Amino acid sequence: MARLTSDPVDVRGVAVRAVLFRGTRDLLPIYALYGVLFADHGLSTAQISLLLALWSITAFLLEVPSGAWADTVSRRALLVLSCLLQAACFALWMLAPSFLGFALGFVIWGVASSLESGTFEALIYDDLVARGEPSAYARIMGWARGAQETTVLAAILVAAPLFALGGYPLVGWVSVGIALLHTLTAVALPSPPVAISATAVDDLDDEPPAAGPHRVPGAAPGHPRPVGGAETARIDDKAPGAGDPADNRVAPAEATAIRTETPTGPARYLAMLRTGTAEAFRVRRVRRGVLLGALLYGVTAFDEYFGLLAVSGGSSTSMSALLVGVTVVGSLAGSLLAGRTEVVPARWLAVALFAAGLLFIAGALAVGAAPTVGPILLWAGFVGIGIAYGVDFAIEVVAGARLQAAIAGPARATVLSFSGLLSEIVALAVFGFVAAATQWLTMSATIALLGTVLLAAALLTPSWLPPRVSDD
């Protein structure tokens with residue numbers, strides 16, 4: 001196992017660092033108790049809702065601007081800053097446990113979340129491209145996601161004994177300590193060069209290119225070659241296995257010219273923001289990849305209601321935790337299998353996702369029928385939901401990997417930030433739908449209707465999932 005230093009390491013070392021970074025990100029016992037912490041310090045339900053809204057709005061507004069920043073400066077440095085800000089949030093809560101202190105902490109946490117979103121993924125992918133191993137990305141992200149899911153469970157389990165030993169101060173300061181440990185894992189991440197040349201925004205469009213590859217002279221296929229201070233890489237005009245040439249449009253030959261004069265400071269930031277925005281919306285396969293990834297991830301906001309679904313099916317409070325745990329096992333299995341799933345053709349992924357949607361709908365309806373039929377339907381329903389949840393997670397990781405391969409411009413983190421932004425919009429739509437639908441429908445029927453989003457995503461997958469690019 002590779003040492004955790006910033007020196008170059010092999011792909012296994014990159015995987016270890018990525019898993020440690022994501023694994024420590026949510027290993028925070030305060031996650032399980034911060035709602036109760038606010039209430040015990042005199043905050044009303046309305047005030048707590050305002051705090052959560054402040055957190056979400058901060059991250060939402062800064063999602064894309066922070067992505068452009070990550071394309072302008074050191075991504076590793078931004079991840080270190082994100083970790084420090086997260087630690088500062090929890091420390092502030094312990095030092096100033098009041099509405100103002102909690103609100104300021106959430107703003108800081110929102111900034112931290114926006115700095116991390118898209119930045120980590122862009123850093124890992126560029127490092128793998130620099131090593132000529134981009135195909136390892138889905139596998140590594142699957143492992144990292146699995147580590148994250150596992151540590152969330154661990155943090156929730158240890159929260160109760162920590163609180164029994166030392167109350168909120170112990171829970172809070174342990175969370176600060178873990179956030180600082182998380183900072184060390186960020187310091188240990190690689191700091192690869194940007195693996196793509198500074199393609200002009202005007203070169204990114206959907207016009208079909210002329211036949212034949214266009215590569216940087218003297219560069220090995222699939223590998224970046226810094227020349228004269230400019231970082232450049234292969235820009236192919238057609239991805240292997242692609243169908244519609246317009247879906248695989250990349251920069252023409254003149255875009256591969258080495259640019260020795262690059263803007264700095266605010267001009268570079270604005271150039272990255274403009275380039276990433278243009279690529280996210282003007283390049284068809286990137287646009288579709290952004291939308292598909294946002295849909296697959298955003299719809300998983302339905303997991304916020306799994307506990308309520310269990311109770312509505314006749315489960316006790318303690319049993320509901322076990323039933324929710326079944327879905328977590330499903331998401332964990334899906335994450336770990338993402339690396340193997342990445343090689344599956346898009347049409348078969350679509351079939352699997354459609355079947356998962358049907359299984360999700362059937363599982364939710366089975367839970368609704370459990371009070372009249374028996375508890376066996378309750379467990380069967382959640383097993384079905386867990387399997388469907390895992391399939392969605394696996395395909396979402398694959399969609400993220402394919403999107404990474406589709407991005408041909410320099411503003412990788414900016415493009416990814418748009419996917420994060422849109423996934424938040426999808427999640428908000430899920431919350432709004434549940435709030436409205438449950439006025440007339442049961443919880444099981446409402447959750448079952450959300451399964452139709454998986455069916456829709458399955459129908460879109462064959463055409464919206466970017467093609468898989470081989471390593472050569």
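Biologist: What should I know before I start?

Modeller: It's a predicted model, where local features need pLDDT of at least 70, side-chain atom pairs count only at pLDDT 80 or more, and totals for chains, interfaces and linings use all residues. Residues are numbered from 1 along each chain as its sequence is written, and side-chain values use heavy atoms, with hydrogens and water left out.

Biologist: How do I read two packed helices?

Modeller: Two packed helices are described by the angle between their axes and the distance between the axes. Helices here are DSSP runs (H or I, at least four residues), numbered from the N terminus. Axes are lines fitted to C-alpha atoms over the stretch in contact, and angles run from 0 to 180 degrees between N-to-C directions. Take helix 7 (residues 137-187) and helix 14 (residues 375-406): their axes are 9 Å apart, at an angle of about 135 degrees. That makes helix 7 oblique to helix 14; angles under 35 degrees count as roughly parallel, over 145 as roughly antiparallel, 65 to 115 as roughly perpendicular and the rest as oblique.

Biologist: Which residues of helix 7 and helix 14 make the contact?

Modeller: Contact means heavy atoms within 4.5 Å. Helix 7 brings Y137, A138, M141, G142, R145 and E149, while helix 14 brings F393, E396, V397, G400, A401 and Q404.

Biologist: At what angle do helix 1 and helix 7 cross?

Modeller: Helix 1 (residues 11-25) and helix 7 cross at roughly 35 degrees, and their axes come within 3 Å. Among the residues that meet are V11, V14 and A15 in helix 1 and I140, W143 and A144 in helix 7.

Biologist: How many residues does helix 5 have, and what does it span?

Modeller: The expected span is 1.5 Å times one less than the number of residues. Helix 5 (residues 99-116) has 18 residues and reaches 26 Å from its first C-alpha to its last, close to the 26 Å expected. Its buried residues include F102, W109 and E116. Just after helix 5, G118 takes a positive phi of about 85 degrees.

Biologist: Where is V344 found?

Modeller: V344 is in the loop between helix 12 (338-341) and helix 13 (346-373). Buried means under 20% relative accessible area, exposed over 50%, and partly exposed in between (1.4 Å probe, protein chains only). V344 has 27% relative accessibility, so it counts as partly exposed. Leaving aside neighbours within four places in sequence, V344 is in contact with L349 and R402. V344 and V398 are 54 residues apart in sequence, yet 9.4 Å apart in space, C-alpha to C-alpha.

Definitions and conventions:
Helices (H or I, at least four residues) and strands (E, at least two) are DSSP runs, numbered from the N terminus.
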